[in-house]
Amino acid sequence: MARRGPPDDSVGVVYLIHFSGRTAAGHQHYLGWSGDVCKRFARHKSGKGAVETRKAIAEGLKLTLAQTWRGTPADERRIKEERRHVRRGFAGLCPFCEVEDELATGLVRRMGPPTLRVVRPRAEVVVGVAHRGSSHRI
Ligand SMILES: [Zn+2]
């Protein structure tokens, strides 16, 4: 089974396109991979990119490049597979949809450049004074 396209470990950009509404098939997002996301997105907008985006354009929806991550075609497939098991689907990864889930944060952390890492503020360590067992005498 020869698969056309770049090798699974090619580093490029995994991108998420948000549609301004749902297609007749009920889709509002498209996830893809490209070595040249600007060119690829322009192709999607021209209605030639993929079946889903072509349908969205034909139905009068607007396409927005909602999120990108540095990643490989293997990452793209992994996310597609994971999203299938989540009710909200790609909306959980989309900044244009007001939902967030932990899995999405995890994906970003694994794939994104360092600037996308979640930095948690360090808890201040308060050294308490132990009273129990003190040998204080009156
Ligand atoms: Zn969205």
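This is a predicted model: local features need pLDDT of at least 70, side-chain atom pairs count only at pLDDT 80 or more; totals for chains, interfaces and linings use all residues.

Student: In what pattern do the strands and helices follow each other along the sequence?

Tutor: The chain contains four helices and three strands. Read along the sequence, the pattern is β-β-α-α-β-α-α.

Student: Of contacts between residues at least 6 apart in sequence, what percentage join residues at least 24 apart?

Tutor: The chain has 138 residues, and 27% of them are buried. Among contacts in the chain between residues at least 6 apart, the share that joins residues at least 24 apart is 60%.

Student: Which strands stand at the edges of the sheet?

Tutor: The three strands form an open sheet with antiparallel pairing, in the order E2-E1-E3. An edge strand has a single partner strand, so one side of it is left without a neighbour in the sheet. The strands in that position are E2 (29–34) and E3 (63–71).

Student: How many bridges join strand E1 to E3?

Tutor: E1 and E2 pair in the antiparallel sense over six bridges, with histidine 18 opposite histidine 29 in E2. On the E3 side, isoleucine 17 stands opposite leucine 65 and phenylalanine 19 opposite leucine 63. E1 (residues 12–19) and E3 also run antiparallel, and the number of bridges joining them is eight.

Student: Leaving aside neighbours within four places in sequence, which residues is cysteine 94 in contact with?

Tutor: Beyond four places in sequence, the contacts of cysteine 94 are Leu16, His18, His29, Ala66 and Gln67.

Student: How wide is the arc around the axis that the buried residues of H3 cover?

Tutor: Helix H3 spans residues 73–83, and its buried residues are Pro73, Asp75, Glu76, Ile79 and Arg83. They lie on the same side of H3 because the arc they cover around the axis is only 155°.

Student: Is lysine 80 buried or partly exposed?

Tutor: Lysine 80 is found in helix H3. Its C-alpha atom is separated by 9.7 Å from that of tyrosine 30, 50 residues apart along the chain. A buried residue has 20 or more other C-beta atoms within 10 Å. Lysine 80 has 14 C-beta neighbours inside 10 Å, so lysine 80 counts as partly exposed.

Student: Which helix has the lowest confidence in the chain?

Tutor: The chain averages a pLDDT of 77, and 67% of the residues score at least 70. Over residues 113–131 pLDDT stays under 50, and the model has five contacts beyond four places in sequence for them. Confidence is highest in helix H2 (residues 51–58), at 96. It is lowest, at a mean of 58, in helix H4 (residues 102–111).

Notes: Residues are numbered from 1 along each chain as its sequence is written. A residue is buried if 20 or more other C-beta atoms lie within 10 Å of its own, exposed if 12 or fewer, and partly exposed in between; C-beta atoms are placed from the backbone. Helices (H or I, at least four residues) and strands (E, at least two) are DSSP runs, numbered from the N terminus. The arc is that of the directions from the helix axis to the C-beta atoms. Two residues are in contact if their C-beta atoms, placed from the backbone, lie within 7 Å. Two strands pair if DSSP finds at least two bridges between them. pLDDT is the predictor's confidence in each residue, from 0 to 100.
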